[in-house]
Amino acid sequence: MFAFSLGTVPLMFGFGALSSLLSKKSTKSMMKASAALVIVLGMVMFQRGVASSGIPLINYQVSALSDEETQSSATLIDGVQTLILEVTTKGYPEFVIQKDIPTKINFHVTKENLTGCNNVIRIPEFMIEKQLEVGDNWIEFTPTKSGTFPYSCWMGMITSKGTVIE
């Protein structure tokens with residue numbers, strides 16, 4: 001908290017000093033713009049919090065992945081559908097799996113692609129949260145209902161989706 005205050009107190013003092021130098025009309029305009037900014041940031045934070053619970057209200061992030069990177073389908077090996085997904089700093093790939101078939105997904109991460117944001121993956125639909133490490137990161141589950149479900153990083157900022165088909 002002390003470090004936080006050291007970073008914010010000078011900034012707040014500076015804004016206070018600046019507002020005393022502005023005319024009343026400019027101060028009113030600045031206060032209105034600040035209020036609008038706080039409301040927009042609050043809405044964004046609310047949406048991210050809800051998305052990290054598995055209920056995306058708005059898909060505000062456009063994937064930076066190429067078409068080849070965006071979607072993967074499972075391969076059936078000995079009755080288990082298996083996927084290998086490459087995690088990048090740009091995002092997580094989308095995937096398609098089948099309902100009622102045991103599933104193993106490998107979220108493969110290289111050292112240069114593992115960041116503080118994408119290092120935990122959350123799939124709320126299946127109550128999965130996995131701390132990712134460099135290399136192979138296997139998760140196992142059996143999807144029991146069809147549909148499309150979101151998954152994201154632990155902060156809800158990097159999002160993608162999985163689709164379960166009949």
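**Note on the predicted model**

1. Overall make-up. The protein chain holds three helices and ten strands. The model is predicted. Along the sequence, the pattern reads α-α-α-β-β-β-β-β-β-β-β-β-β.

2. Burial and surface. The protein chain has 166 residues, and 31% of these are buried. Its accessible surface is about 10600 Å². Carbon and sulfur atoms account for 63% of that surface.

3. Contacts along the chain. Take the contacts between residues at least 6 apart in sequence. Of these, 55% link residues at least 24 apart.

4. The core. The largest nonpolar core contains 22 residues. Phe95, Ile105, Phe107, Ile123 and Tyr151 have the most contacts inside it.

5. The nonpolar patch. Which residues make the nonpolar surface patch of about 470 Å²? They are Leu11, Met12, Phe15, Leu18 and Leu22.

6. Leu18. Where does Leu18 sit? Its place is in helix H1, which spans residues 2–21. Is Leu18 buried, partly exposed or exposed? Leu18 counts as partly exposed because its relative accessibility is 38%, between the 20% and 50% cut-offs. Leu18 is also one of the residues in the nonpolar surface patch.

Definitions and conventions: Residues are numbered from 1 along each chain as its sequence is written. This is a predicted model: local features need pLDDT of at least 70, side-chain atom pairs count only at pLDDT 80 or more; totals for chains, interfaces and linings use all residues. Side-chain values use heavy atoms; hydrogens and water are left out. A nonpolar core is a set of buried Ala, Val, Leu, Ile, Met, Phe, Trp, Tyr and Cys residues joined through side-chain atoms within 4.5 Å. Buried means under 20% relative accessible area, exposed over 50%, partly exposed in between (1.4 Å probe, protein chains only). Helices (H or I, at least four residues) and strands (E, at least two) are DSSP runs, numbered from the N terminus. Contact means heavy atoms within 4.5 Å. Accessible areas come from the Shrake-Rupley method with a 1.4 Å probe; for residues, only the protein chains shown count as cover. Patches are made of residues with over 30% relative accessible area and no salt bridge: like charges are joined within 9 Å, nonpolar side chains (Val, Leu, Ile, Met, Phe, Trp, Tyr) within 5 Å. A salt bridge is a side-chain nitrogen of Lys or Arg within 4 Å of a carboxyl oxygen of Asp or Glu.
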